[in-house]
Amino acid sequence: MPTIDRARPAPRSRRRSPGWVPNQHGAWAMLLVPFVVGALHSGIAWRQLPLLGVWLVGYFAFFAAGLWLKSRRKARYLPPVRAYGIATAALGLLVVAVAPELLRWVPVYAPLMAVSLWCSWRRQDRSYLNDGVTIVAACLMTVVAAGVGANAGGSDAWLPGADQPGIWLLTALLLAYFGGTVLYVKSLIRERGNRAVYAASVGYHALATVAAAVAQPWLGLVFALFTVRAALVPRLWPGVTARWIGIGEVVASLVLTTALLALV
């Protein structure tokens, strides 16, 4: 009897486990802008380098942990959690060695991190609650980065950087901006066509513009541009892609950073 030549199935290519590269592109502005503004406000110092390292690697670990929890702790999501967790711990020890006073910020960040991870576990990582706590955590880095700056020596504040003149105004302005981006982006993607979200986005930006103008009249003009964007883009370009939304956020973040540096 002739034998049947059965082709062997091609070996499966090894797929990299998910969680290694964050896919939330808008998060990069929230990570970097507050840090840059705080660092320049207090003066560039070498201790800010390990702090920036643990902040960025920690974000990778946090993102991977969120996916792992969201998957109900599936094994394929664990490798990046383990790798980034070890790297974050190592960099964290370095930061503690060069700036031990930053340990005082742990009780502030711990509950924010716990709430966000809880949202991931509940698969509510796109909720307003999660967006809110992550924005607060990111914007507080303005104060943290200032706390180890060149002009931060001799501070008596319990939280390093908290007594820097004008630092809380910068933090509040960043909170106002990034809080608005949540509503703006949702009005374009997840809540596209939702009139209530659109109205909330425009109204929020209008109030933020008034508040910014009270702080500095020319900052009111910057926030007015953001208000015009929130009002017109969802109306004129309702089908705009996530790529162009991301590009717009990069441009807006650069405009805001440049404006805030004038206050530094």
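Biologist: In this predicted model, which residue lies over the face of W158?
Modeller: Look at the ring of W158 and find what sits over its face. The distance to the ring centre is 4.9 Å. A charge counts as over a ring only if it is within 6 Å of the ring centre. The residue is R104.

Biologist: How far is the charged end of R243 from the centre of the ring it sits over?
Modeller: The ring belongs to W244. The cut-off for this kind of placement is within 6 Å of the ring centre. For R243 and W244 the value is 5.9 Å.

Biologist: What kinds of elements make up the chain, and how many are there?
Modeller: From the N terminus on, the elements run α-α-α-α-α-α-α-α-α. There are 0 strands. The count of helices is 9.

Biologist: What share of the contacts between residues at least 6 apart in sequence joins residues at least 24 apart?
Modeller: The chain has 264 residues, and 44% of them count as buried. Its C-alpha trace spans about 90 × 50 × 30 Å along the principal axes. Now take the contacts between residues at least 6 apart in sequence. The share that joins residues at least 24 apart is 76%.

Biologist: Is V144 buried or exposed?
Modeller: V144 is found in helix 5, residues 128–147. Its relative accessible area is 4%. Buried means under 20%, so V144 is buried.

Biologist: Which residues are in contact with V144, leaving aside its neighbours within four places in sequence?
Modeller: First, a note on F35: V144 and F35 are 109 residues apart in sequence, but 8.0 Å apart in space, C-alpha to C-alpha. Contact is a separate test, and it needs heavy atoms within 4.5 Å. The residues in contact with V144 are L51, L102, W105, Y109 and P160.

Biologist: Which residues is T171 in contact with, leaving aside its neighbours within four places in sequence?
Modeller: T171 lies in helix 6, residues 167–188. At 2% relative accessibility, T171 counts as buried. Its contacts, with those neighbours left aside, are C139, T142 and V143.

Biologist: How many aromatic pairs are there?
Modeller: Rings pair if their centres lie within 6.5 Å. By this rule the count is 11.

Biologist: Is the pair of Y59 and F60 stacked or edge-to-face?
Modeller: The ring centres of Y59 and F60 are 6.2 Å apart, and the angle between the planes is 80°. Planes over 60 degrees apart count as edge-to-face. Y59 is buried at 11% relative accessible area, and F60 is buried at 19%. The pair is edge-to-face.

Biologist: What is the angle between the planes of W105 and Y109?
Modeller: W105 counts as buried at 4% relative accessibility, and Y109 is buried at 17%. Their rings form an edge-to-face pair, 6.3 Å centre to centre. The angle is 65°.

Biologist: Which elements give two or more residues to the lining of the second largest pocket?
Modeller: This pocket has a volume of about 160 Å³. Its lining includes R195, Y198, P234 and R235. The elements are helix 7 (195–215) and helix 8 (217–236).

Biologist: How many residues of that pocket's lining are charged?
Modeller: E191 and R192 are among the lining residues. The lining of the second largest pocket also has 3 nonpolar and 3 polar residues. The charged ones number 4.

Methods
Residues are numbered from 1 along each chain as its sequence is written. This is a predicted model: local features need pLDDT of at least 70, side-chain atom pairs count only at pLDDT 80 or more; totals for chains, interfaces and linings use all residues. Side-chain values use heavy atoms; hydrogens and water are left out. On a 1 Å grid over the protein atoms alone, a cavity is a set of points where a 1.4 Å probe fits but cannot get out, and a pocket is an open set with protein on both sides within 12 Å along at least five of seven lines; lining residues have an atom within 4 Å of a point. Grid points are joined across faces, edges and corners, and a volume is the space filled by probe spheres set on the points. Helices (H or I, at least four residues) and strands (E, at least two) are DSSP runs, numbered from the N terminus. Ala, Val, Leu, Ile, Met, Phe, Trp, Tyr, Cys and Pro count as nonpolar, Asp, Glu, Lys and Arg as charged, and the others, Gly among them, as polar. Rings of Phe, Tyr and Trp (its six-membered ring) pair if their centres lie within 6.5 Å; planes under 30 degrees apart count as stacked, over 60 as edge-to-face and the rest as tilted. Buried means under 20% relative accessible area, exposed over 50%, partly exposed in between (1.4 Å probe, protein chains only). A charge sits over a ring if NZ of Lys or CZ of Arg is within 6 Å of the ring centre and within 35 degrees of the ring normal.
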